[in-house]
Amino acid sequence: MAEILKVSNLEKYYGNKDSLTKALDQVSFSVAEGEFAGIMGSSGSGKTTLLNCISTLDSVTSGSIMIRGQEITGLKSRQLAKFRGSALGFMFQDYNLLDTLTGFENIILPLTIHGIPAAVATAKVEAVADRLEIRDVLAHYPYEMSGGQKQRVAAARAIITDPALILADEPTGALDSKSARRLMESLDRLNRNLGATILMVTHDAFTASYCQRILFIKDGKLFNELIRGEDTRKEFFSKIIDVVTLLGGDAANVL
Amino acid sequence: MYFKLSLRNVRKSLSDYTLYFLTLTFGVCMFYVFNSLEAQEVMLSISLSMLEIMHTITKLMNGISIFVSLILGFLIIYANNFLIRRRKREFGLYMTLGMSKHNISRILLCETLIIGVLSLAAGLLMGLFLSQGLSVITARLFEIDMSGYRFIFSLQAFWKTILYFGLIFLIAVSAGTLSISRHSLIELINASKHNETPAVKKPAMTLTLFLLSVLCIGIAYAMVLKYGIATFDRKIVIEGILGSIGTFLFFASLSGAMLGLVQKKPSFYYKGLNLFIMRQINSRINTTYLSMSFICLMLFVTIGIFSTGMGMTGVLNRGYSGVIPFDVSLEVPGADDPWALLAQSGVDLQDYADDFHRFHFYRYDLQALTQGTILKEVADLLPEENAQDIVDRLFPQALDVVALSDYNALMQLRDKQPLALGGSEVALMSQFLWVDADFQSIIEEYVGTDGRLSLGGTPYRVQTEILSEGIVNDSDHLMTLIVPDAVIADCTAVTGALCFNCRGNSAAMQDALTVQLDALIGEGRLPFKEGCVTRNMVQAVMGGSKAIIAFFAIYVGIVFLITSAAVLALQQLSEAADNRQRYEILKKIGADDALIHRTLFKQIAIYFLLPLSLACVHALVGLKVANDVVREVGSLNALQNTLATALLILLVYGAYFLATYYGSKQIMLKNGQRHE
Ligand SMILES: Nc1ncnc2c1ncn2[C@@H]1O[C@H](COP(=O)(O)OP(=O)(O)OP(=O)(O)O)[C@@H](O)[C@H]1O
Ligand SMILES: [Mg+2]
């Protein structure tokens, strides 16, 4: 399968000469088209930093990031924005929905920014809403939605532009287990039925068990890789737990 | 230690404070300047009459100052509350670190005091220099010399400014402290996380409100246009109340109604970030419509004050040589002679001047001569909107007659060319034409088209040139008729008059005469009361009216303008932090910097323009009516004044707008460095 994302020798340092944090240290991996990949690691290990670098929200210190064969580390801010809007979709732990807009308006916004005609855009939103089962909450404001609904609206917003890659930073982090399961099932369907490529950061072994492959990261370095292969989700889940324990992640992080 | 912490806080949030600080400084400056008027007198060579007027103006400005300090007080308390609200979270943090509410109040007190003392000092300093300039303006308005430059410092104004603003700051601090102590720790910490719930209003309800507001404003407009604003009565109060209610309803429902309408047009609503902007405005107007309405009304008053003020001073500014041809003129009713009457009371006018002319105004006996006799010939040219008024009030006024020889003697006294008049010719004289372009063109039309006047059956030709050189000071006749001496045989004297120019230091002479006559009036020994008009008096009255109008316009207008703009700017700047998160989200979903800046610009522009636009519409209607009123004093060059006003507002308001835009942008750009 074609490579959507290829990260090579990525480094990201924070701070100055006196106090240097190597948030990412020589990270290399790639994600194939249609893959559902996860990134796990303990707190402070550099997961968010990695995602921010890939999502072009943060600049890298050295190394290269290619998305669909295009090098993105050298892009100008204007090209970056365009690239972000057309090739990437985002989901965040705290949803990042605009509180002043209804669900519908939140989802349609990426399309209007890219100048898609209103009629086309509206039809698209409705189709996505059906798929994620959020038709009922389209007219609601974020404060009138449950956490799970908010995250599914955010998911709808992330996929509305048919991005090459969906980046999700702890999407279940603020959800209870039932909502988390529902969201993961939705993402799973998106991945299977529509072939969406997803790269997801998570603390949570249960959430991670929906992935086909997990990259473990420790102190800014890639540490291990787990591939689900033909395993059931249950089997994969226990393998994940094993690695997490090995990593020394505290039990509270594991369901 | 509190002082240090406060000082650091003020320095840290300097960008938030800058506009507020500048506004405050300017307010203090205006306050000092207009309270130091009394001290300015020393700089002007001023007559007694002017001194009197200046005292009146000073009293008036003192009264206005109280009103102005209320407005500025409102701004300070509002801004203070606003800044506290923005920082509740920070205070909450201090409290979790073990600081007591008492101590936080102390920090707050320190901060307010630092800002207060700084702006007070800067404002006073600026006022000190600006007040020097005010003397120059005053001198120009009164058309008098400055007796010499002297640096003016008004101790009284200085203390008054400190007292007033000190009090206001104290009140602001207590209000702020109160709002801190009312809140629990948890509320304070969660303050900035709390999302304002948009006031969910049913669309139908919003639309109804909106229509109601348009109805209110419409009725107010109709009433204003129909009844005018010339007389202050119940109608004006009703118009004002209707207009205000309409304005409040308008802003309460505007964005909701607009949103409803725009949403019906998806091709616009779902284009670029339009929907985001609309929602932004809508989410805030729900909570800020009150201040919006106040700002709109204040701007309306500002526009009104500025353009009428400018119009009035413009009218009064055309010089008064025609109105006051002589240093002194005396008039007594009937066939009496003022000279003789004064001599009986022991006043020898030879003490004051060398050359005099005594004459009479006459009433023509053979037929009734009124202003209408002339004007009815050109009645169809009268301005339509107040033709009836003119016919009712002006037409019945008598048209007095003056003999040609008297007129020429007066001209000689003024070193002017004598008038040549044929035996069957008369001439029209008007000292007032310059104030009203309408009348001027009407009467010119009359004399130009071969005007004829029949006196006792004999036809007379009216000279084609209107005489504009006056013959007595401050005449109250629109027109006077100059006739050949032979006609006087058929006349009865109605007013005895006497004109002269003083010898030596004219202003001092006039003052001396006024004092002497006033003394006689006090003893009841003068047979006529208000028949003496000196150049000093007219100058003082005209200069005084100009000064009052100009000072009022500058003082109140500017204070209103900067207060409104400052409130808008404060709201926007303090919202910028909230908006930053929203704009960050927009960035993440693919909006580039240029688009985001454009959106920010539009959003702030709409916010600034909304109250201004309605204020302009209000003002258009108001000014149309005001023009009709001023027309009686003189015709306003409405367009020019409106343009000048617009330019001034554009400058000040625009400066605040740009400062707000760049300030907000700055806050947005502080990427990821949120220091909590
Ligand atoms: N803006 C920054 N400036 C300096 N150091 C930073 C910055 N952002 C992150 N770091 C450091 O980089 C390292 C990695 O941070 P990162 O946010 O990527 O961790 P994470 O894996 O997402 O942790 P968590 O699971 O707690 O979210 C940490 O040591 C952090 O202190
Ligand atoms: Mg993280």
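Chain A and chain B are joined by 2 salt bridges, a salt bridge being a side-chain nitrogen of Lys or Arg within 4 Å of a carboxyl oxygen of Asp or Glu. This is a predicted model, in which local features need pLDDT of at least 70 and side-chain atom pairs count only at pLDDT 80 or more, while totals for chains, interfaces and linings use all residues. Residues are numbered from 1 along each chain as its sequence is written, chains are lettered from A and ligands numbered from 1 in the order in which they are written, and side-chain values use heavy atoms, with hydrogens and water left out.

**The interface of chain A and chain B**

- B:Arg582 forms a salt bridge with A:Asp99, with 2.8 Å between the closest N and O atoms.
- On the side of chain A that touches chain B, helix H2 (77-87) and helix H3 (103-113) each supply at least two residues; helices (H or I, at least four residues) and strands (E, at least two) are DSSP runs, numbered from the N terminus.
- H3(A) gives the largest share of that side, 7 residues.
- The contact (heavy atoms within 4.5 Å) takes 28 residues from chain A and 29 residues from chain B.
- About 2400 Å² is buried between the two chains, and carbon and sulfur atoms give 65% of this area; buried area is the accessible area (1.4 Å probe) that two parts lose on being put together, summed over both.

**Salt bridges in the whole structure**

- Over all chains, the structure holds 19 salt bridges.
- One of them pairs A:Glu225 with A:Arg213 (2.5 Å, N to O).
- A:Glu225 lies in strand E10 (residues 221-227) of chain A and A:Arg213 in strand E9 (residues 213-218) of chain A, 12 residues apart.
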